[in-house]
Amino acid sequence: MNRIFKLVASGSVVIILYWGCYYDKADLVYPSSTSTCDTTNITYNKTITGILSANCYSCHSGSASLGGGIKLDTYTGILPYISNGHLVNDIKQTTGSDPMPKGGAKLDNCSINQIITWINKGASNN
């Protein structure tokens, strides 16, 4: 009788652990993101400068000593890096590029898409 009780108790514990395991519920461990990326009203002054300020100006601004002399804190300063394709290749971290931000995490996909959208729409100083 004692042996049957131990067997049933052990089996119950295994079943409870199996069904109660948190990690087998992918929707709880990796919830889907409901946020969307707004690429409809991208402007240089409202969108692009915010992204660049948060991720690039510490090295690539008029007062920064790092950044190899590349200044991205003005509209005229960023234009050459748009026209030669370096800005997009570097932030997308494509093979053969100089991945930016250097030593930091890659920009989020939304920020990259916003910059690309702005460039594709003519990179206006608006």
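Gly 67 counts as partly exposed, at 22% relative accessibility. Here buried means under 20% relative accessible area, exposed means over 50%, and partly exposed lies in between (1.4 Å probe, protein chains only). The model is predicted: local features need pLDDT of at least 70, side-chain atom pairs count only at pLDDT 80 or more, and totals for chains, interfaces and linings use all residues. Residues are numbered from 1 along each chain as its sequence is written, and side-chain values use heavy atoms, with hydrogens and water left out.

**The fold**

Solution. Start with the DSSP runs: helices are H or I runs of at least four residues, strands are E runs of at least two, and both are numbered from the N terminus. Next, take burial. Of the 126 residues in the chain, 28% are buried. Finally, take contacts, meaning heavy atoms within 4.5 Å. Among contacts between residues at least 6 apart in sequence, 49% join residues at least 24 apart.

**Helix H3**

Task: Find which residues of helix H3 (residues 44–55) are buried, and which helices they pack against.

Solution. List the buried positions: Tyr 44, Thr 47, Ile 48, Thr 49, Ile 51 and Leu 52. Then look across from them. These buried residues pack against helix H4 (75–83) and helix H6 (109–120). Now check the start of H3. There, a side-chain oxygen of Thr 43 comes within 3.1 Å of the backbone nitrogen of Lys 46. A polar contact is a pair of N or O atoms within 3.5 Å; within protein, one must be able to donate a hydrogen and the other to accept it, and residues adjacent in sequence count only if both atoms are side-chain atoms.

**The salt bridge**

Task: Identify the residues of the one salt bridge in the structure, and decide for each whether it is buried, partly exposed or exposed.

Solution. Apply the criterion: a side-chain nitrogen of Lys or Arg within 4 Å of a carboxyl oxygen of Asp or Glu. The pair is Lys 102 and Asp 98, with the closest N and O atoms 2.8 Å apart. Side chains of opposite charge can pair when their charged atoms come close. Lys 102 is exposed, at 57% relative accessible area. Asp 98 is partly exposed, at 35%.

**The largest pocket**

Task: Describe the largest pocket by its volume, by the residues nearest its centre and by the make-up of its lining.

Solution. Set up the search on a 1 Å grid over the protein atoms alone. A pocket is an open set of points where a 1.4 Å probe fits, with protein on both sides within 12 Å along at least five of seven lines; lining residues have an atom within 4 Å of a point. Points are joined across faces, edges and corners, and the volume is the space filled by probe spheres set on them.

The volume is about 350 Å³. The lining has 18 residues; His 60, Gly 67, Ile 70, Asp 98 and Met 100 lie nearest the centre. Helix H5 (residues 86–92) gives the largest share, four residues. Sort the lining by type: ten nonpolar, five polar and three charged. Nonpolar covers Ala, Val, Leu, Ile, Met, Phe, Trp, Tyr, Cys and Pro; charged covers Asp, Glu, Lys and Arg; the others, Gly among them, are polar.

Gly 67 sits in the loop between H3 and H4. Beyond four places in sequence, Gly 67 contacts Cys 59 and His 60. Its C-alpha lies 9.2 Å from that of Lys 102, 35 residues away along the chain. Ile 70 is also in the loop between H3 and H4. Ile 70 is partly exposed, at 27%. Ile 70 touches Cys 59, His 60, Ser 61 and Tyr 81, again leaving out residues up to four places away. The C-alpha atoms of Ile 70 and His 60 are 5.6 Å apart.

Task: Say where the cis peptide bond is, and what phi Gln 93 has.

Solution. The cis bond joins Met 100 and Pro 101, with omega about -5°. Pro 101 lies in the loop between H5 and H6. Gln 93 is placed in that loop as well. Its phi is near 55°, a positive value in a residue other than glycine. Gln 93 is partly exposed, at 30%.
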